[in-house]
Amino acid sequence: MQCKLAHSHLLQNQFNEAKELYQALSFEKNKDHESYKNIILEDFEKLKMDGIVHPDMPKIAELIKEY
């Protein structure tokens, strides 16, 4: 749910709120031991394939790749 909330903030141009959630999630794993960092990056690719893009997606992707 936190990933979806972060995506929602991002797509509503609430960069700072989204950034905080993405940063926190980038250190976490889900119940299946999958990295949220990878899940977020995969979600961005899926959104892009569906024609949903936001100019801050690359910024967030680079930010979480650093962790």
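How many helices and how many strands does the secondary structure of the protein chain come to? I looked this up at the outset and recorded four helices and zero strands. I took helices (H or I, at least four residues) and strands (E, at least two) as DSSP runs, numbered from the N terminus.

**Entry on the model**

I note that this is a predicted model, in which local features need pLDDT of at least 70 and side-chain atom pairs count only at pLDDT 80 or more, while totals for chains, interfaces and linings use all residues. Residues are numbered from 1 along each chain as its sequence is written, and side-chain values use heavy atoms, with hydrogens and water left out.

**Entry on the whole chain**

I read the order of elements from the N terminus as α-α-α-α. Along the principal axes, the C-alpha atoms of the protein chain fill a box of roughly 30 × 25 × 20 Å. I then checked the radius of gyration (taken over C-alpha atoms; the globule rule is 2.2 Å times the number of residues to the power 0.38). The protein chain has 11 Å, which agrees with the value near 11 Å for a compact globule with 67 residues.

For burial I used relative accessible area: buried means under 20%, exposed over 50%, and partly exposed in between (1.4 Å probe, protein chains only). Of the 67 residues in the protein chain, 39% are buried. I counted a contact as heavy atoms within 4.5 Å. Among contacts in the protein chain with a separation of 6 or more, 50% come from residues 24 or more positions apart.

**Entry on H3 and H4**

At what angle do the axes of helix H3 and helix H4 cross? I found that the axes of H3 (residues 36–49) and H4 (residues 57–65) cross at roughly 160° and come within 10 Å. H3 is therefore roughly antiparallel to H4. Axes here are lines fitted to C-alpha atoms, for helices over the stretch in contact, and angles run from 0 to 180 degrees between N-to-C directions. Angles under 35 degrees count as roughly parallel, over 145 as roughly antiparallel, 65 to 115 as roughly perpendicular and the rest as oblique.

I listed the residues that make the contact: H3 contributes Lys37, Ile40, Leu41, Phe44 and Leu47, and H4 contributes Met57, Ile60, Ala61, Ile64 and Lys65. By class, I recorded eight nonpolar, no polar and two charged residues in the contact of H3 with H4. The classes are nonpolar (Ala, Val, Leu, Ile, Met, Phe, Trp, Tyr, Cys and Pro), charged (Asp, Glu, Lys and Arg) and polar (the others, Gly among them).

Is Leu21 buried or exposed? I placed Leu21 in helix H2, where Leu21 counts as buried at 18% relative accessibility. Leaving aside neighbours within four places in sequence, Leu21 is in contact with Gln2, Leu5, Ala6 and His9. Leu21 and Ala6 are 15 residues apart in sequence, and their C-alpha atoms are 5.7 Å apart in space.

I also looked up Lys4, which lies in helix H1 and is exposed, with a relative accessible area of 62%. Lys4 and Leu41 are 37 residues apart in sequence and 13 Å apart in space, C-alpha to C-alpha.

**Entry on positive phi**

I noted Asn13, a residue other than glycine, with a positive phi near 60°. Asn13 lies in the loop between H1 (2–11) and H2 (15–25) and is exposed, with a relative accessible area of 59%.

I noted His33 likewise, with a positive phi near 65° in a residue other than glycine. His33 lies in the loop between H2 and H3 and is exposed at 63% relative accessible area.
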